Amino acid sequence: MAAIPIPTRQLFIGGEWKHPALNKRIPVINPATEEIVGDIPAATAEDVEVAVEAAHSAFNRNRGKDWAFASGAFRAKYLRAIAAKVVEKKEVLAKLESIDNGKPYDEAAWDMDDVAGCFEYYADLAEGLDSKQGTPVALPMDTFKSHVLREPIGVVALITPWNYPMLMATWKVAPALAAGCTAILKPSELSSLTCLELAAICQEVGLPSGVLNILTGLGPDAGAPLAAHPNVDKVAFTGSTATGSRIMTGAAKLVKPVSMELGGKSPIVVFEDVDLDKAAEWTAFGCFWTNGQICSATSRLIVHESIAAAFLDRLVKWVKNIKISDPMEEGCRLGPVVSGGQYEKILKFISTAKIEGATILTGGARPKHLNKGFFIEPTIITDVTTSMQIWREEVFGPVLCVKTFSSEEEAIDLANDTHYGLGAAVISNDEERCDRVSKAFRAGIVWVNCSQPCFCQAPWGGLKRSGFGRELGQWGLDNYLSVKQVTKYISSDPWGWYQPPSKL
C-alpha cells in the first residue's frame, strides 16, 4: 500500500492554526518501523489559556445565539458536513491512523466509517433536541405552569486516548457539539495525527471559530492545566484509572462535573455447550482486536473445566493463524503496539506472570519474522491464580489469561473478581443461562455470544474503577446538557401569603 506524507500541522485555536507558545514539537514514531515519520505541536499552559478563552468567547458570542443557543438543526448541518468530509477522506485518514497507532489498515478504515456514522447520529439527536425544548412538567397546582429547557453545559475539556484516536475523540466531540457546548480536545500525544486532520475538516466546513479547539501535547503540560482550568465547565476523560483519579481530584476543588471512561479487566465466560470454533474466534477477537489495546478487552477467559483442554487447543490454532505484519500489508490482523514504552510494559507483565508461576501457553515474545517494530505475539497464559498480577491488572496489550470453573456460581464469582466493571461476555447456547449471567455480571456492558461489538446508539461505560457516566446514545448527549426548570405563575389572583399593606 502506497505510503503517504505526514502533514505538518499546528495547534488549532479559534478556527486558526497557531504555533505553540514555546515552539516545541513531539516526534511521531511509526510503531511498525520504529522510525520518526513526522511531528506534532506540543501545547503548554500558555496555549491552554488561549484555547479556553477562544472556546469561552465562541460559547458566549452574540449571547450564545451563534452556537450554544442556536437551534439543534443549525448545529446538525455542521456535524453532517464533518461526516461527509470524513467519508471523502476515509482512505487518507485510515492510513494516517495506521501509521500513527499501529492498528491494521482494515480496522482503521472501519473506524473511519464509525466516525462518520457517529457524527451523523448526533446530527439527528441535535435536531431532535429542538422538539424536546419546553417539555411540560405536570404540577399539582393549576396556578403554576412548569417546563424544562435542555441547555449546553458550557466549555468542555475532552481528553482522549491513543487506541482509537479519531473515534474516541468523535465519541466526545460529536455529542458535545450537538448539545451546543464549545470544546477543547486534547488527544493523546502517542497518536494525534487524525485529530489534527479533524481540525482541518472543521476549517473546511466553516465550523464557527472557537467552537472546537484542538491542542496536542503531553498530559502534564497540556492535559493537566486544561482539566484544572477554572473556565472549563466540565471534563470528559477516557484513559487510565490513575490519570482519571488525578483529574477528579483537581475537578473536586472547583466542584466541576466529570465523566470518566477508565480501565478494565473484563471477563469472557465460556460454558460447556458451545461450538468450540465460534467461541474461540470471539474469544480471540475480544482480546486481540486493536492489537489488544482496548479498555473493554475481554482479557480474562473463564472456561468450563470439562471443555478447557479441547477449547484451549482450538483457541491456540486460531491464534497461531492470525496474520501479524506491518498494518499496511494486505490481510494484516495484528499490528504493533503503539509505542516502545507500551511494548516494554507488556513484556514485563508476561515475564512477571512466568515468575509468579503461570504458564505461557502460546506467544509471549516478538514474532520471529519481524525484527523491528513494537510487535508482540498474541499471548495466552494459563495456570493463573486470582492473586497474580496478570489476573488483577490491566495489560492493554494482546495478552489473555485463563482460569477454569465448574459451576455457574463459580464462573460469576470469578467474573466479578475485579476492581473494574466495564465489559463482560458470556458464551453459551442456553438462553436462560445467558440471561441469568448477564444480570449477575457487575459491568456496564454485557455481550452475549460475542465480544466487543459497539454501536453509537447504545450506552457505553462502566462501574467501579472503570469510571461512571455513559457515552454514546442519548446518554452521550445528556453528558453535555444541563436541565433548567422554568416555572410561571399564571393566576390573575394575588399570591395572598402576606397581609397587604392597608390601602390609604
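Mentor: Let us begin with a definition: helices (H or I, at least four residues) and strands (E, at least two) are DSSP runs, numbered from the N terminus. This is a predicted model, in which local features need pLDDT of at least 70, side-chain atom pairs count only at pLDDT 80 or more, and totals for chains, interfaces and linings use all residues. Residues are numbered from 1 along each chain as its sequence is written, and side-chain values use heavy atoms, with hydrogens and water left out.

Trainee: Which element gives the largest share of the lining of the largest pocket?

Mentor: A pocket, on a 1 Å grid over the protein atoms alone, is an open set of points where a 1.4 Å probe fits, with protein on both sides within 12 Å along at least five of seven lines; lining residues have an atom within 4 Å of a point. Here α8 gives the largest share, 7 residues.

Trainee: How much space lies in that pocket, and which residues are closest to its centre?

Mentor: A volume is the space filled by probe spheres set on the points, which are joined across faces, edges and corners. The largest pocket holds about 1000 Å³. Its lining comprises 42 residues, and Phe237, Gly239, Ser240, Thr243 and Arg246 are the closest to the centre. Elements that give two or more residues to this lining are α7 (219–227), β10 (234–238), α8 (241–253) and α11 (340–355).

Trainee: How is a packed pair of helices described?

Mentor: Two packed helices are described by the angle between their axes and the distance between the axes. Axes are lines fitted to C-alpha atoms, for helices over the stretch in contact, and angles run from 0 to 180 degrees between N-to-C directions. For helix α2 (residues 72–88) and helix α5 (residues 165–179), the angle is about 160° and the axes are 9 Å apart. Therefore α2 is roughly antiparallel to α5 (angles over 145 degrees count as such).

Trainee: Which residues of α2 and α5 meet?

Mentor: Contact means heavy atoms within 4.5 Å. Arg75, Leu79 and Val86 of α2 meet Met166, Ala174, Leu177, Ala178 and Ala179 of α5. By class, this contact has 7 nonpolar, no polar and 1 charged residues (Ala, Val, Leu, Ile, Met, Phe, Trp, Tyr, Cys and Pro count as nonpolar, Asp, Glu, Lys and Arg as charged, and the others, Gly among them, as polar).

Trainee: Which element gives the most to the lining of the second largest pocket?

Mentor: Helix α4 does, with 6 residues. That pocket has about 460 Å³ of space.

Technical notes
Angles under 35 degrees count as roughly parallel, over 145 as roughly antiparallel, 65 to 115 as roughly perpendicular and the rest as oblique.
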